[in-house]
Amino acid sequence: KGYDIQMVGGIFATRERVLMALETNSEEVYERFYKGTSDVIPPRIVDSGPCKEVIYKEEDVDITKLPIPVYAEKDGGAFITHGVVISKDPETGTGNASIYRLQLRNKNEIGLYVSQYQDMNRQYLKAESKGQQLDVAIALGCDPVIMLATQVNAAYGEDEIAIAGGLNGKPIDVVKCETVNLTVPATSEIVIEGKVLPSRR
């Protein structure tokens, strides 16, 4: 209520919806998933996409205008729970796409929890050791197959967007970000770009 942007939740709440996202059925899903995660397809850079239709920068950024819900009575605030967070290793440039719980702090700040065992933590520590910020982009409303790819137990350095390409059977189209050195799924409805600051918890 109170927002002019609609949102949807529970898209993976049933097995049938997962199968629909993979465009497969219960008999073929395991073979399809194994083949897709084994035969990855790197993303393809394109010039534009839906996420480029409206762009806000600097003082015009106001994340509070997005319909970010409070999920539980005792939560510390509103959370984005299905944003695909994209980052890359500051030394090797290998990409990473994961889902983290993202807490709205104010109009231009989001907090995120990354455990010590997750790839982005390794990237962040590398950047922090050099006193650098880590570029991140949060893709909202992207192809469900991309969200499924983030859940694959991939080795460090394996790009989940390439895994999504394998699951899709064709490259995922990506576009360059506006303010950070990353690419994001071109069909994302909304992209939030930012930086994780060093030595800040």
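In this predicted model, helix α2, which covers residues 29-38, and helix α5, which covers residues 160-168, have axes that come within 7 Å and cross at roughly 135°. Because of that angle, α2 counts as oblique to α5, and the crossing in which α2 passes α5 is right-handed. On the side of α2, the contact is made by Arg32, Phe33, Gly36 and Thr37, while α5 contributes Ile163, Gly166, Leu167 and Asn168. Sorted by class, the residues in this contact of α2 with α5 are three nonpolar, four polar and one charged.

What does the secondary structure of the chain come to? The chain holds five helices and ten strands, and α2 and α5, whose axes cross as described above, belong to those helices.

The overall dimensions of the chain can be set beside its fold. A compact globule with 201 residues would have a radius of gyration near 17 Å, and the chain has 17 Å, so the value agrees with that expectation. Along its principal axes, the C-alpha trace spans about 50 × 45 × 35 Å.

Two percentages for the chain are gathered in the table.

| Quantity for the chain | Value |
|---|---|
| Buried residues among the 201 residues | 38% |
| Contacts between residues 24 or more positions apart, among contacts with a separation of 6 or more | 67% |

Read together, these entries say that buried residues make up 38% of the chain, and that residues 24 or more positions apart account for 67% of the contacts with a separation of 6 or more.

Definitions and conventions: Residues are numbered from 1 along each chain as its sequence is written. This is a predicted model: local features need pLDDT of at least 70, side-chain atom pairs count only at pLDDT 80 or more; totals for chains, interfaces and linings use all residues. Side-chain values use heavy atoms; hydrogens and water are left out. Axes are lines fitted to C-alpha atoms, for helices over the stretch in contact, and angles run from 0 to 180 degrees between N-to-C directions. Helices (H or I, at least four residues) and strands (E, at least two) are DSSP runs, numbered from the N terminus. Angles under 35 degrees count as roughly parallel, over 145 as roughly antiparallel, 65 to 115 as roughly perpendicular and the rest as oblique. A crossing is left-handed if the near helix is turned anticlockwise from the far one by less than a right angle, and right-handed if clockwise. Contact means heavy atoms within 4.5 Å. Ala, Val, Leu, Ile, Met, Phe, Trp, Tyr, Cys and Pro count as nonpolar, Asp, Glu, Lys and Arg as charged, and the others, Gly among them, as polar. The radius of gyration is taken over C-alpha atoms; the globule rule is 2.2 Å times the number of residues to the power 0.38. Buried means under 20% relative accessible area, exposed over 50%, partly exposed in between (1.4 Å probe, protein chains only).
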